[in-house]
Amino acid sequence: MDDKRIVELLFARKEQGITEVKGKYGKLVLHISRNILPDEEDVLECENDTYLGVWNAVPPERPNPLMAFVCKIARNLALKKHRHNTADKRDNRMSVALDELGQDIFSVEVAPSVEEEWSARELGKAIQRFLGTLKKEDRMLFVRRYWFGEGVTELAAQKGMRKNTVSVRLNRIRGKLKEYLEKEGFSYE
């Protein structure tokens with residue numbers, strides 16, 4: 001079923017809409033959650049909370065594309081759970097990925113102020129413009145590492161590269177991002 005029809009089902013408050021979301025994007029939701037959360041019970045809780053989040057957000061939202069909307073909800077919920085679980089301890093590869101990039105860039109606030117929300121949107125647009133300047137392979141490495149939380153070893157194996165090569169490329173991309181954001185007027189800490 002296409003996304004437009006699924007959104008129509010959700011607007012009509014038909015439970016089949018959630019069933020269709022799960023059927024179409026369930027594996028992706030689990031993949032995102034597992035890359036962030038080490039505990040399978042937390043992953044399954046995040047999956048269920050994602051579908052509830054979609055149900056509660058549509059309507060009034062009319063997401064386009066639906067996949068990005070579902071992924072964003074899943075990622076934000078998994079990060080929130082991760083932060084809760086690791087408040088006093090360091091844990092798992094997502095912490096490392098966020099530390100590499102600078103956690104402030106992708107922090108998730110429960111109730112951000114209007115200024116913080118505007119600033120986050122502007123930062124998101126700037127990062128999107130930056131990603132458009134990268135070669136496709138570099139863009140894919142960046143997104144898979146810092147959005148989906150995939151490990152360097154996993155990326156290296158999938159791309160047929162050495163782990164060190166992936167690490168160096170990601171480091172260079174982060175350096176370019178820092179320069180780009182500074183030129184755009186953002187402070188990168």
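**Figure 1. Contacts across the chain of the predicted model.** Of the contacts in the chain between residues at least 6 apart in sequence, 63% join residues that are at least 24 apart. The chain contains nine helices and zero strands, and its elements run α-α-α-α-α-α-α-α-α from the N terminus on. Buried residues account for 39% of the 189 residues in the chain.

**Figure 2. The largest nonpolar core.** This core has 20 residues. Phe 130, Val 166 and Leu 181 are the residues with the most contacts inside the core. Two or more residues each come from helix 6 (114–133), helix 7 (136–146), helix 8 (152–159) and helix 9 (163–183). Helix 9 gives the most to the core, with six residues. In soluble globular proteins, nonpolar side chains tend to be buried together.

**Figure 3. Asp 42 and its contacts.** Asp 42 lies in helix 3, which covers residues 40–57. Asp 42 counts as buried because its relative accessibility is 13%, and the cut-off for buried is under 20%. Leaving out residues up to four places away in sequence, Asp 42 touches Leu 37, Lys 81 and Asn 85.

Notes. Residues numbered from 1 in each chain as written. Predicted model: local features only at pLDDT ≥ 70, side-chain atom pairs only at ≥ 80, totals over all residues. Heavy atoms only, no water. Helix = DSSP H or I, 4+ residues; strand = E, 2+ residues; numbered from the N terminus. Buried < 20%, exposed > 50% of the residue type's maximum accessible area, 1.4 Å probe, protein only. Contact = heavy atoms within 4.5 Å. Core = buried A, V, L, I, M, F, W, Y, C linked by side-chain atoms within 4.5 Å.
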